[in-house]
Amino acid sequence: MLKVLIADDEPLVQIGLKSMIDWNALGFELCTAASNGEEAYRIVEAQMPEIVIADVQMPCCTGLELAKRCRETYGKLPVFIILSGYEDFNYAREALSFQAVDYLIKIDLTPEILTKALLTAKSEVETALGQYAWPDAESLDVMLFSQRFFIQLLNNLFETDAQYKAQADSLSIRLNYRFYCVAQVKITSDAKQSDSALYSSTLHMFEELIQKYICCQVIPLDSRFFAVLFYSDADDADSFQKEIADALAATFAMLFQYYSVTLTATAGRIVSNIMESSSSYYDAKQISSYVSDSQNILFFDDLPDAGSLRNVFNLSIFRTEITRAFEELDKASLKKTLDGILELLKQEHVNLTQAMDVSCSILHLTLTLLSNGSEIADRIFEAETDSYRSLYRQKSVASIIKWLETLEQGLCQEFESHTTPQKNFLVENTKKYIEEHLQERISLTDLAECFHVSPNYLSQLFKKYMDIGINKYISQKKINASKELLKQPELKIYEVADYFGFENAFYYNKVFKRVTGLSPKEYRNSLNGAPTSAAPSLQIPPAPGQKQ
């Protein structure tokens with residue numbers, strides 16, 4: 001939650017602001033209120049609120065002076081909302097000069113006005129944090145792989161249950177529930193924000209609000225759509241569907257009331273196996289044309305002729321080629337896949353719904369499976385005023401095919417110029433995974449399933465960039481880490497072997513000697529100065545990062 005400080009010398013104003021809205025429901029946490037400017041500045045120093053609501057006229061230090069002082073000391077944060085007892089152009093102009101996001105008149109203040117100002121401030125905070133406080137590399141990696149995982153799940157791109165489980169375990173994703181359902185949500189708004197700003201702020205607010213009502217995972221798609229995977233241990237499917245409908249209705253209403261954004265959702269059938277989530281997702285996409293302003297939440301089973309609808313293009317028939325193309329930046333696989341899809345779209349029986357669906361799916365994969373997918377798509381369609389969103393303007397199968405051909409050509413060019421950085425990224429994350437799982441038995445197959453590539457490809461790539469085979473690399477890492485435990489004389493050698501996932505002490509001895517030239521016992525004796533069968537002057541440093 002974002003922290004908010006209320007600074008006003010009138011106790012009734014403080015009480016009124018605190019009781020005017022449900023702060024927690026909107027994702028805000030109130031700090032201790034301040035009665036003057038100096039007290040407010042001390043609270044800013046101690047509690048670091050992201051947003052400050054400050055009265056223009058306070059003792060010791062006015063709200064404008066407080067804003068100026070904080071701006072000079074801390075930069076863009078905290079974000080300020082200025083309060084005043086009356087409308088004064090000079091005050092408003094000065095507030096804007098300190099980059100206050102809003103100037104509110106107390107007598108006109110309503111819950112709607114206050115909420116709108118807070119949500120504007122929240123967007124400014126997110127922008128400032130995005131510019132000056134990026135998440136660390138590890139958090140970004142987890143976020144990226146988590147998004148890829150759910151996109152693969154929704155598009156049925158896991159070849160086996162074991163492959164799904166391996167990736168889920170590596171990301172600490174636990175989805176063991178009785179029921180699952182996927183909804184596709186569409187964003188529309190008359191707001192003057194850019195598509196990207198509107199999408200980002202709406203997505204973040206939706207995610208915060210919806211999870212107060214129901215367990216779910218929100219999955220970004222593009223600048224107009226996102227998906228939601230709902231899961232529950234409800235007594236039956238009907239109660240789960242009602243739970244979903246109520247959660248969506250409450251969230252939509254709040255976003256519309258406070259954020260001037262309209263959302264519509266279509267939800268697929270409820271399934272009892274997580275691997276069938278893709279079927280629920282396809283259902284949701286199939287009925288997208290049936291949703292309306294009067295019925296903004298629609299379930300697949302609510303349509304009387306739902307069983308006869310089969311217009312959605314199932315990308316899983318291109319599973320292998322798609323996986324190779326996007327995970328390995330393989331131009332040849334990409335061209336083969338998209339050429340095959342284009343050939344199907346050019347057949348006479350294909351309708352507009354099918355053509356739009358498959359193009360949207362390819363766009364979603366581009367934006368989410370590529371680490372900089374939105375930037376790549378923007379470059380490909382830079383000639384269009386609305387960039388890759390020009391897809392949604394197409395009104396015929398022929399124009400959609402032309403759009404998809406442009407995407408194919410652009411992606412092929414991008415894959416040629418960006419292959420090396422992406423492949424290095426895969427190697428670096430493979431190394432990180434090995435480092436974090438040294439106490440487990442790690443096989444090439446496990447690693448390949450974790451990163452959704454073929455074992456042969458991962459082996460060749462690792463050898464190319466590390467100049468060492470992946471199994472040998474794992475052995476070296478395990479042996480170097482085990483040296484630290486061998487320094488503890490009370491530990492038996494078989495205990496050390498077991499700790500690092502070796503099948504038995506004999507195999508550990510064999511690998512240890514192959515890597516170091518010594519047996520574990522000889523290495524331990526060398527630490528104590530005892531003679532060994534190897535050169536007595538041999539010095540083996542501890543593995544980097546191991547505790548002393």
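**Contacts, sheet and aromatic pairs in a predicted model**

Leaving out residues up to four places away in sequence, Leu-334 touches Ala-325, Phe-326, Glu-408, Leu-411, Cys-412 and Phe-415. One of its contacts, Glu-408, is 74 residues away in sequence, yet the C-alpha atoms of Leu-334 and Glu-408 are 7.8 Å apart in space.

Strand β7 spans residues 216–220 and includes Ile-219. With a relative accessibility of 1%, Ile-219 counts as buried. Beyond its neighbours within four places in sequence, Ile-219 is in contact with Phe-150, Ile-151, Leu-154, Phe-226, Ala-227 and Leu-229. Phe-149 lies 70 residues from Ile-219 along the chain, and 10.0 Å separates the C-alpha atoms of these two residues.

The chain forms 21 helices and 10 strands. Of its 548 residues, 51% count as buried. Among contacts with a separation of 6 or more, 68% come from residues 24 or more positions apart. The protein exposes about 26100 Å², and carbon and sulfur atoms supply 50% of that area.

Five of the strands make up an open sheet with parallel pairing, in the order β2-β1-β3-β4-β5. At its edges are β2 (28–30) and β5 (102–105), each of which pairs on one side only. On average, and with direction ignored, neighbouring strands of this sheet are turned by 25° against each other. Strand β4, residues 79–84, pairs with β5 in the parallel sense over four bridges, and Leu-83 stands opposite Leu-104 in β5. Helix α1 (residues 11–20) packs on the sheet and touches β1 (2–7), β2, β3 (51–55) and β4. The direction of helix α1 makes about 150° with that of β1. Helix α2, residues 37–47, lies across β1 and β3 and runs at about 165° to β1.

Aromatic side chains give a further set of contacts to look at. A pair of aromatic rings is described by the distance of the centres and the angle of the planes. The protein has 18 aromatic pairs. In one of them, the rings of Phe-462 and Tyr-473 have centres 5.1 Å apart and planes at 65°, so this pair is edge-to-face. Phe-462 sits in helix α17 (residues 455–466) and Tyr-473 in helix α18 (residues 470–486), and the two residues are 11 residues apart. Both Phe-462 and Tyr-473 are buried.

Ring pairs also link Phe-502, Tyr-507, Tyr-508, Phe-512 and Tyr-523 into a cluster. Elsewhere, the charged end of Arg-69 sits over the ring of Tyr-41, at 3.7 Å from the ring centre.

Conventions: Residues are numbered from 1 along each chain as its sequence is written. This is a predicted model: local features need pLDDT of at least 70, side-chain atom pairs count only at pLDDT 80 or more; totals for chains, interfaces and linings use all residues. Side-chain values use heavy atoms; hydrogens and water are left out. Buried means under 20% relative accessible area, exposed over 50%, partly exposed in between (1.4 Å probe, protein chains only). Contact means heavy atoms within 4.5 Å. Accessible areas come from the Shrake-Rupley method with a 1.4 Å probe; for residues, only the protein chains shown count as cover. Two strands pair if DSSP finds at least two bridges between them. Axes are lines fitted to C-alpha atoms, for helices over the stretch in contact, and angles run from 0 to 180 degrees between N-to-C directions. Rings of Phe, Tyr and Trp (its six-membered ring) pair if their centres lie within 6.5 Å; planes under 30 degrees apart count as stacked, over 60 as edge-to-face and the rest as tilted. A charge sits over a ring if NZ of Lys or CZ of Arg is within 6 Å of the ring centre and within 35 degrees of the ring normal.
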